Amino acid sequence: MASRAAPSAAKEPDVTVMENLAEAPLVAEQEDDVFLIVTLAGQACGLPVMLVRHLRGPQVITPIPLAPSGVVGGFNLGGRIVTAIDLRRRLSLPIADDASIINVIVEYAGGLYSLIVDQVQEVLPLQASKTYPTPPRLDPLWQDLARNIHRSDDQMIVMLDVERLLCIG
């Protein structure tokens, strides 16, 4: 089983690291309306920006023995252990090329988790008026892990439920 981690000889990633995205100067009616838009297998997905702490390029990930599917391992970030979750595996998508992954570090219930995604698009305030329930024909796994769907002018964004994504096992 291939891991989506950087080779152990890799140096610090050559990507811009954005810290404290929750402090980004965006205007929305409520803080919950601001999302980090990421891409998984070409599908735009939204994560609540208030949970995001860091963005990192590929990391050296240490496998965790007997970890549930989707948990690829862990790594150290500033003295804290981060559990790495490959969202492609978690959402039953094909495994992708390791070279282009981004680690979206979220803090939830006092722990740090890396949600491994293909790309980060942007941070957007999203209007509640363009948010809809998940369609019934959406894959049952995606229905369980999505809060709802947001339709913008040029794309459909699946709004992911971080709490449900982290309930693995």
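**Close-up views of a predicted model**

**View 1. Arg-88 sits in helix α1, residues 87-90.** Helices here are DSSP runs of H or I with at least four residues, and strands are E runs of at least two, numbered from the N terminus. This is a predicted model, where local features need pLDDT of at least 70, side-chain atom pairs count only at pLDDT 80 or more, and totals for chains, interfaces and linings use all residues. Residues are numbered from 1 along each chain as its sequence is written, and side-chain values use heavy atoms, with hydrogens and water left out.

View 2. A pocket is an open set of points on a 1 Å grid over the protein atoms alone, where a 1.4 Å probe fits, with protein on both sides within 12 Å along at least five of seven lines; lining residues have an atom within 4 Å of a point. Strand β8 (residues 119-125) gives the most to this lining, with three residues. Among the lining residues are Glu-122, Leu-124, His-150 and Asp-154. By class, the lining holds three nonpolar, four polar and three charged residues.

**View 3. Stepping back, the protein has three helices and eleven strands.** From the N terminus on, the elements run β-β-β-β-β-α-β-β-β-β-α-β-β-α. Of the 169 residues in the protein, 43% are buried.

Technical notes. Ala, Val, Leu, Ile, Met, Phe, Trp, Tyr, Cys and Pro count as nonpolar, Asp, Glu, Lys and Arg as charged, and the others, Gly among them, as polar. Buried means under 20% relative accessible area, exposed over 50%, partly exposed in between (1.4 Å probe, protein chains only).
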